[in-house]
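Hi everyone, thanks for coming. Could you put the model up on the screen, please, so that we can walk through it together?

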Amino acid sequence: MEALNVPRPAWMTEDLTMLEDQARRFLAAELVPHVERWSETGIMDRSAWTRLGEAGLLCAGIPEEYGGAGGHFGHEAVINREIALAGLDSIGAPLHSGIVAPYILRYGTEEQKRRWLPRLATGDLIGAIAMTEPGTGSDLQSVRTTARRSGNGYVLNGSKTFITNGQHANLIIVVAKTDPSKGAKGTSLMVVETDDAPGFRRGRKLKKLGLDWADTSELFFEDVPLRADQLLGTEEGRGFAQLMSDLPQERLIVANAATGMIERALALTIAYVKERRAFGKAIVEFQNTEFVLAECKTEATIAKVFHDHCVGRHIAGELDTVTASMAKYWLTDLQNTIVDRCLQLFGGYGYMDEYPISRLYRDARVFRIYAGTNEMMKLLIARSL
Ligand SMILES: Cc1cc2nc3c(=O)[nH]c(=O)nc-3n(C[C@H](O)[C@H](O)[C@H](O)COP(=O)(O)OP(=O)(O)OC[C@H]3O[C@@H](n4cnc5c(N)ncnc54)[C@H](O)[C@@H]3O)c2cc1C
């Protein structure tokens with residue numbers, strides 16, 4: 001699957017090379033064989049989460065004292081790339097490990113960290129983050145879900161949609177207004193443990209263009225009682241700032257997957273055009289094929305260098321939101337372009353479900369939309385002009 005010849009970045013230590021190898025073998029043996037079945041059922045087996053936990057592939061960047069593997073973002077990035085190279089685009093594990101768990105690690109009280117992180121690391125808890133609502137996505141300040149004070153705790157009301165891991169998740173960070181009169185400053189992150197939570201209901205597992213076995217779902221909260229310590233941290237109204245300061249990592253996780261999917265598309269295509277023949281020669285021998293793939297390989301190389309640079313800066317704690325937004329927007333736009341150009345070289349077979357390039361094409365589309373649309377990324381970048 002190594003279609004590119006980019007030197008390994010300095011942050012790719014021996015430890016990470018071993019993790020890469022371990023993740024590659026585990027995913028190929030334990031998850032890839034089930035993808036066809038999961039695509040039909042529209043959801044991965046619950047037990048696969050536990051197996052990922054047992055293999056140490058959940059919460060790799062969480063300190064050992066909280067049950068994680070004690071690594072840093074480089075560990076997450078390596079696992080995310082392997083997931084993409086294996087064609088497991090629908091999996092919600094990068095969000096669980098790289099977004100949900102870090103919110104708890106960064107903003108939770110000591111007691112909250114000890115309560116939730118070890119169980120996220122084993123896969124006993126599956127994480128989700130519920131920001132988007134039927135009426136608002138990009139405009140996060142307009143969320144209507146409320147967490148109103150009631151006795152010693154809160155009561156949560158609202159509905160969310162498009163939530164990754166929505167069917168399996170049993171620890172959901174919900175963006176809610178604790179003070180609707182204050183806009184962003186009245187926003188808080190509420191942690192809902194859904195097992196036996198009264199008033200919590202899962203809606204439909206949504207049918208989608210791609211990510212066939214991602215259990216993207218609607219969620220409903222009707223007078224769900226929460227204890228005071230289900231507010232993440234100790235202070236109300238911090239939610240928006242917490243969301244904003246974790247954005248670089250969220251964007252980089254999407255960029256990890258986009259870069260891995262570009263590599264996979266190229267590798268699949270190069271193999272195919274060497275095999276397939278027309279007019280008495282291999283497709284790769286047509287100058288058009290050579291030029292298209294030469295262009296794709298050049299752009300993919302630039303993408304990987306930029307991606308590796310951003311990961312290195314993030315590990316060093318130096319990645320700013322603007323650069324992370326550039327990575328998310330540019331790499332996912334490029335991912336869509338390259339996957340489309342690769343698919344064309346498969347001819348009609350590229351349109352057939354049984355050819356992985358067709359699934360890659362469908363899966364790639366959402367990368368320009370979720371984790372903040374690429375238009376929102378450009379708005380953010382433009383603010384730095
Ligand atoms: C498969 C999938 C998984 C998802 N997983 C999650 C999840 O786990 N948790 C979660 O909370 N959400 C999730 N989402 C939701 C996703 O983050 C939102 O769909 C996304 O942020 C866009 O919001 P929206 O759909 O409401 O679009 P809108 O905000 O309605 O945007 C519609 C269009 O208008 C553009 N637009 C909006 N505002 C501006 C502006 N100011 N300037 C220029 N253009 C603008 C947008 O770029 C877009 O093109 C998921 C979505 C999908 C499809």
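**Cysteines, cavities and a pocket**

Let's start with C310, which counts as buried at 0% relative accessibility. Buried here means under 20% relative accessible area, with exposed being over 50% and partly exposed in between, using a 1.4 Å probe and protein chains only. Before I go on, a word on where this comes from: it's a predicted model, where local features need pLDDT of at least 70, side-chain atom pairs count only at pLDDT 80 or more, and totals for chains, interfaces and linings use all residues. Residues are numbered from 1 along each chain as its sequence is written, and side-chain values use heavy atoms, with hydrogens and water left out.

Back to cysteines. A disulfide is a covalent bond between the sulfur atoms of two cysteines. How many disulfides does the count come to? Zero, by the rule used here, which takes a pair of cysteine sulfur atoms within 2.5 Å. C342, for one, is in no disulfide, and the nearest cysteine sulfur, on C296, is 4.9 Å away. C342 is also buried, with a relative accessible area of 0%.

Another cysteine to find is C59. Its phi is near 55°, a positive value in a residue other than glycine. C59 sits in the loop between α3 (46-54) and α4 (73-85). Those labels are for DSSP runs, numbered from the N terminus: helices are H or I with at least four residues, and strands are E with at least two. Is C59 buried or exposed? Buried, with a relative accessible area of 0%.

A371 has a positive phi too, near 60°, and is likewise not a glycine. Look for A371 in the loop between α11 (356-364) and α12 (374-382). This alanine, A371, is buried, at 17% relative accessible area.

Points are joined across faces, edges and corners, and a volume is the space filled by probe spheres set on the points.

That gives two cavities of 30 Å³ or more. The largest cavity has a volume of about 50 Å³, and its lining includes W49, H168, W213 and D215. By class, that lining has six nonpolar, four polar and one charged residues. Nonpolar covers Ala, Val, Leu, Ile, Met, Phe, Trp, Tyr, Cys and Pro, charged covers Asp, Glu, Lys and Arg, and the others, Gly among them, are polar.

The second largest cavity holds about 30 Å³ of space. It is lined by G98, I99, Y103, D246, Q249 and E250. Which helix gives the most to this lining? That's α5, with three residues.

Last stop, the second largest pocket, with about 290 Å³ of space. Of its 17 lining residues, the closest to the centre are F73, P102, R106, Q249 and H314. Helices α4, α5, α8 and α9 (287-315) each supply at least two residues of the lining, and α5 has the largest share, four residues. The classes come out as seven nonpolar, seven polar and three charged.

Methods. 1 Å grid on protein atoms, 1.4 Å probe; cavity = no way out; pocket = protein on both sides within 12 Å on 5 of 7 lines; lining within 4 Å.
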